Amino acid sequence: LAQFHETFFEESFEALGSMEAALLKLSAGEADAELINTIFRVAHSIKGGSATFGFADVAAFTHTLETLLDQLRSGQRPVQPVIVDVLLRSVDVLREMLGATQRKQPADPALTAGLHAELQAILKNTSSDAAAAAPGATAAGVDQPAAAAAATGAGWRIHLVPGALMMEHGNDPLRMMRELAELGPLVTRVDAGKVPTLVEIDPEVCMLSWQIELRADAERAAIDQIFEWAEGECSLRIEPLSPPAKVEGAAAAAAGAAAANAAPPVASVPGPATASAAAKPAPPAEGPRSGSGEGGSIRVSIEKIDELLNSVGELVITQSVCTQLAAVLEGRQGDELRNALVQFERHMRSLQENVMRVRMLPIGSIFNRFPRMIRDLGQRLGKKLELKMSGEQTELDKTVLEKIGDPLVHLVRNAVDHGIEMPDRRHAAGKNEQGTISLHAYHKGGNVIVEVSDDGAGLQRDRILAKARERGLVGADEELSDEKVLNLIFAPGFSTAEAVSDVSGRGVGMDVVRRNINEIGGHVQLYSTPGQGSTVRIRLPLTLAILDGQLARVGKEIYIVPIVSIVETIQIKRDQISSLAQKAELLRLRDEYLPIVRLYELFGVQADHTDLLNGLLMIVEADGKRVGLFVDELLSQQQVVIKSLETNFRQVTSLAGATMLGDGRVALILDIPGVIARFLDQPRRADSAQEAA
């Protein structure tokens with residue numbers, strides 16, 4: 001069964017996400033029977049899978065959780081906020097337990113002990129809460145009649161004949177009997193009459209059958225759930241040991257009808273692998289699946305997709321080489337080859353786009369973690385919060401998606417802690433007491449834009465500036481534009497929080513956000529209006545494998561500048577150049593002074609031009625800073641396949657990677673934030689940059 005472990009963990013974590021989403025809807029007052037059924041199904045599936053694989057601690061914890069959910073589902077207990085809170089914490093505990101089991105580490109017993117005790121205490125509480133589900137009461141938003149519970153007698157007689165594929169599909173009869181024993185005392189008789197001789201035994205086929213008597217006042221539904229995974233893989237007959245007691249009046253008739261509809265006794269169909277004719281048949285249970293056929297999809301490891309993408313990248317480079325070689329051929333055959341290569345290029349682009357789409361995932365998989373976070377932070381801070389999300393189906397490369405998760409968590413936590421005011425302050429300011437956090441994703445200009453907004457107090461310019469002066473980031477008499485003041489919050493360790501808390505205030509948030517986003521070729525912008533709120537806008541590349549680049553030549557070297565970083569390109573005039581004590585050169589551009597970075601100096605190469613008037617200046621921007629890159633010549637724009645320098649050589653400051661050009665040459669891809677940082681980190685430049693500012 002070990003071959004199914006990884007799939008079981010993947011499916012369990014996905015199911016816990018849907019369980020959490022359903023619980024959040026319950027807490028928001030959207031209680032209905034289907035929501036509770038969704039939550040119950042997740043717990044039941046995880047319990048069954050854990051028991052099958054021998055993850056006893058997970059199965060035991062989930063069994064208690066399932067019992068409580070069964071009471072909610074049957075209407076014995078109403079949905080209450082305290083129960084939803086416990087169930088949400090149970091989701092967290094299950095994630096931790098499954099994570100530890102996946103890492104082949106023992107789960108922390110202290111993690112489950114307290115919560116398990118809370119669940120047991122709720123189950124033992126049979127006060128008026130449980131009685132509220134009496135005749136006419138409502139549980140989970142659905143009317144439950146007095147006799148809705150299945151009729152029970154003195155116990156149940158179960159006849160179980162495993163089918164030929166039952167054990168092969170991961171359904172263990174002994175596990176089922178262990179679960180039955182938790183409902184009450186068992187008397188079990190085994191029939192071994194069909195067991196063959198030792199040499200004929202197939203270890204994956206169970207030739208035993210059982211007659212089981214469960215001597216407990218258990219509900220039929222509880223027994224059905226135990227055998228639910230094996231439905232279609234065995235012959236099963238369940239019947240009461242004694243008929244239900246007669247109940248006079250209309251309630252008795254309703255109870256009998258409900259019990260009959262829920263689980264009618266059925267006769268088994270002869271044959272070793274036949275299924276009982278259940279009232280509502282389910283698809284055959286096969287345990288955790290190595291692939292999912294739902295919606296015509298299959299599970300494929302990301303390594304296989306990466307290999308495929310790499311192969312496509314190599315084909316793109318080869319196609320470019322062929323096109324370049326064919327350009328010099330003359331005559332009819334040369335024309336035919338070029339026409340064929342045009343077709344080849346078209347097909348390659350289509351193949352490239354299709355493979356890229358395979359790696360794309362909706363950003364909703366990241367957004368889905370925030371409803372729970374907003375709810376918990378609101379309770380902890382005493383703030384009333386509402387989360388609005390849009391654009392959840394916007395797709396991003398899986399690698400980009402993985403790297404954007406933590407920055408978004410920082411931004412949302414900051415918005416809740418620093419942005420949204422307490423209800424009394426919002427009321428005094430004429431606002432709705434409930435603050436709003438918005439997450440919005442959309443496509444724009446070949447990029448994906450993600451915005452995190454709040455309708456809180458906004459950033460306080462004077463407070464940020466005072467804090468920056470206190471820390472020596474800004475001179476005492478230095479005046480900055482509003483944009484530069486707001487960008488100070490991205491300085492390492494900067495925080496305006498008056499007290500350190502577990503939500504924010506340690507000054508390790510916004511600089512991490514900017515650094516992480518820059519590492520994936522993204523860009524962060526900050527907007528704020530005092531009294532109305534703030535917005536952080538993140539511009540992200542669709543993928544990290546393909547880059548839209550501008551080719552620039554410096555001497556014999558070709559560099560690729562990401563188009564997303566380029567503001568404009570200009571030819572310099574003499575009156576635009578200034579210098580500071582021969583330490584740095586500055587470009588005056590529309591009343592703004594920008595440092596000039598000579599790429600040939602930065603990378604130690606021989607350039608064609610050293611006079612600034614003879615070359616070109618590319619104005620690039622990153623981290624809120626702009627500089628001019630001096631190059632000899634601009635070449636074409638093209639999409640390039642990024643090859644990692646770190647994988648093939650080593651990490652080089654100010655370079656994001658390399659690529660192969662059509663003529664076979666290697667071109668280096670510039671990391672613009674790294675180029676600016678490397679330039680400013682040179683001692684003679686640092687003072688000049690400060691003077692320029």
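Predicted model: local features only at pLDDT ≥ 70, side-chain atom pairs only at ≥ 80, totals over all residues.
**Entry 1**

Is Tyr559 buried or exposed? I found that Tyr559 has a relative accessible area of 3%, so it is buried, since the cut-off for buried is under 20%. I then looked up Phe603, which has a relative accessible area of 18% and therefore counts as buried as well, being under that 20% limit.

Next I turned to the aromatic pairs, and I noted six of them in total. Phe8 and Phe9 make one that is tilted, with 5.5 Å from centre to centre and 55 degrees between the planes. Tyr559 and Phe603 make another, and this one is stacked, at 5.2 Å centre to centre with 20 degrees between the planes. I checked where these two partners sit: Tyr559 is in strand β15 (residues 557–562) and Phe603 is in helix α19 (residues 599–603). They are 44 residues apart, and the pair links distant parts of the chain.

**Entry 1: More rings**

I went back to Phe8 and Phe9, and both are buried. Which residues do ring pairs link into a cluster? I wrote down Phe8, Phe9, Phe53 and Phe55.

I also looked for charges over rings. The charged end of Arg73 sits over the ring of Phe40, at 3.8 Å from the ring's centre. Arg514 does likewise with Phe490, lying over the face of the ring at 4.1 Å from its centre.

Why do I call strand β21 largely enclosed by the rest of the structure? I counted through residues 625–631 and found that five of the seven are buried, so the strand is largely enclosed.

I looked at its partners next. Strand β20 (residues 616–622) runs antiparallel to β21, and seven bridges join them. On this side, Glu621 stands opposite Arg626 of β21. The two strands form a hairpin with two residues between them. In that turn I spotted Asp623, which has a positive phi of about 55 degrees.

Strand β19 (residues 592–598) runs parallel to β21, and three bridges join these two. Here I picked out Arg598, whose bridge partner in β21 is Phe630.

A reminder to myself: in a regular strand, side chains alternate between the two faces of the sheet.

**Entry 2: Arg359**

Where does Arg359 lie? I found it in the loop between α11 (331–358) and β7 (360–362). Its relative accessibility is 6%, so Arg359 counts as buried. I followed its side chain to a polar contact of 2.8 Å with the side chain of Asp397. Leaving out residues up to four places away in sequence, Arg359 touches several others, including Ile302, Ile305, Asp306 and Leu309, as well as Leu396 and Lys398.

**Entry 3: Thr535**

Thr535 belongs to strand β13 (residues 533–541). I found a polar contact of 3.1 Å between its side chain and that of Ser453. With residues up to four places away in sequence not counted, Thr535 touches Glu451, Val452, Ser453, Gln525, Leu526 and Tyr527.

**Entry 4: Stepping back**

I finished with the whole chain. How many helices and strands are there? I noted 22 helices and 24 strands. Of the 693 residues, 43% are buried. Among contacts with a separation of 6 or more, 71% are between residues 24 or more positions apart. The accessible surface comes to about 34900 Å², and carbon and sulfur atoms account for 53% of it.

Methods:
Residues numbered from 1 in each chain as written. Heavy atoms only, no water. Helix = DSSP H or I, 4+ residues; strand = E, 2+ residues; numbered from the N terminus. Polar contact = N/O pair within 3.5 Å; in protein donor to acceptor, adjacent residues only side chain to side chain. Contact = heavy atoms within 4.5 Å. Buried < 20%, exposed > 50% of the residue type's maximum accessible area, 1.4 Å probe, protein only. Pairing = 2+ DSSP bridges. Phe/Tyr/Trp six-rings, centres within 6.5 Å; stacked < 30°, edge-to-face > 60°. Lys NZ or Arg CZ within 6 Å of the ring centre and 35° of its normal. Areas by Shrake-Rupley, 256 points an atom, 1.4 Å probe, with all protein chains shown as cover.
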